[in-house]
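I opened my notebook beside the model and looked things up one by one. Here are the entries.

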Amino acid sequence: MTQISSAGTRFRHSLELEKPLQIVGTINAYCALMAEQAGFQAIYLSGAGVANASFGVPDLGITTINDVVADIQRIVGATQLPLLVDADTGFGHAFSMARTIREFTRAGAAGVHIEDQVAAKRCGHRPGKELVDTAEMVDRIHAAVDARTDESFFIMARTDALASEGMEATLERCHKYVEAGVDGIFAEAVREADQYQKFTQALSVPVLANMTEFGQSPLLTAEQLGDLGIAMVLYPLSAFRAMNAAAERVYSAIRKERTQDTVVDLMQTRDRLYEVLDYHRYEQQIDDLIRKSEK
């Protein structure tokens, strides 16, 4: 991938390069390497991914800014792909929101999305979500935009209003969010395909569609979403879910059958692992150092 100055600039470049831009979830550095080799132009760190995979807790606002920063650093240390990060509700009031933007930028993130739920948030595809009023979300956005140290850092507003307030009121919120300075809108828990087009036709900024599995939204192809005007398509935990299902089968087989022989076909081979990691290049460097020291 061509080296471009900042992570935010790389993300914006990818957004221009691929329409719609497919953004795939990577819960750790190794997943980021696999996503890069698969050809993706941008990757994503989910708040649920941090909570579930790194801490073994549900996505209910339990993790902290520092927890997320640690995962950002590991991922961006392994790849040049721009990383979009779930910032939940900003981890606190306006000062905390500003710190979130600064810390995520310093850690190497390309951008964030912040949401209009209350601080004690829920998964976007669960019932019982509560929202802050539009004015409070606009304050969050102002705090985020004002804290930006890299003008290319991409700030997106996620709205969970559609489930409880309907399309008209949700679009009213989104217009206010755009006026406050966001670079994009994340339309969460959209239930019908044509609703995406209402977002894209009404708004002047790029719109993201969340293709999370087992949720409220129909799983549409990137081409279908592109035809509806969607600029970004997110697959936040697809690989993580597949990894979990495979791991459960492997653990169960080893425990019950006393061998892994029946589930080896579920596993990535050692050779493929070494390919992804560029293992042999590292080994060659060690050999070269040994030869130099022996001279």
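What follows is my list of look-ups, grouped by place in the chain.

**Ground rules.** I am working with a predicted model, where local features need pLDDT of at least 70, side-chain atom pairs count only at pLDDT 80 or more, and totals for chains, interfaces and linings use all residues. Residues are numbered from 1 along each chain as its sequence is written, and side-chain values use heavy atoms, with hydrogens and water left out.

**Entry 1: helix α6.** I began with α6, which covers residues 134-146. Helices here are DSSP runs (H or I, at least four residues), strands are DSSP runs too (E, at least two), and both are numbered from the N terminus. I checked the length of α6. The expected span is 1.5 Å times one less than the number of residues. For the 13 residues of α6 that gives 18 Å, and the end C-alpha atoms are 18 Å apart, which agrees.

Which residues of α6 are buried? I noted M137, V138, R140, I141, A143, A144 and V145. Buried means under 20% relative accessible area, exposed means over 50%, and partly exposed lies in between (1.4 Å probe, protein chains only). The cover over these residues includes α5 (94-107), β4 (111-115), β5 (154-159) and α7.

**Entry 2: α6 against α7.** Two packed helices are described by the angle between their axes and the distance between the axes. I looked up both for α6 and α7 (residues 162-179): the angle is about 30 degrees and the axes are 9 Å apart. Axes are lines fitted to C-alpha atoms, for helices over the stretch in contact, and angles run from 0 to 180 degrees between N-to-C directions. Angles under 35 degrees count as roughly parallel, over 145 as roughly antiparallel, 65 to 115 as roughly perpendicular, and the rest as oblique. Therefore α6 and α7 are roughly parallel to each other.

Which residues make the contact? From α6 I listed T134, M137, V138 and I141; from α7, R173, K176 and Y177. Contact means heavy atoms within 4.5 Å. By type, the contact residues of α6 with α7 are four nonpolar, one polar and two charged. Nonpolar covers Ala, Val, Leu, Ile, Met, Phe, Trp, Tyr, Cys and Pro; charged covers Asp, Glu, Lys and Arg; the others, Gly among them, are polar.

Entry 3: I found a cis peptide bond from K19 to P20, with omega near -5 degrees. P20 sits in the loop between α1 (7-17) and β1 (21-25).

Next came positive phi values in residues other than glycine. D88 has phi near 50 degrees. It is in the loop between β3 (83-86) and α5. D88 counts as buried, because its relative accessibility is 6%. A189 has phi near 55 degrees. It lies in the loop between β6 (184-187) and α8. A189 is buried too, at 5% relative accessibility.

Entry 4: Q195 is in helix α8 (residues 193-202). Is Q195 buried or exposed? At 15% relative accessibility, Q195 counts as buried. Neighbours within four places in sequence aside, Q195 touches L162, M167 and V190.

S204 is in the loop between α8 and β7 (207-210). S204 counts as exposed, at 70% relative accessibility.

**Entry 5: V250.** V250 belongs to helix α10 (residues 238-257). V250 has 16% relative accessibility, so it counts as buried. Setting aside neighbours within four places in sequence, I found V250 in contact with V263, L266 and M267.
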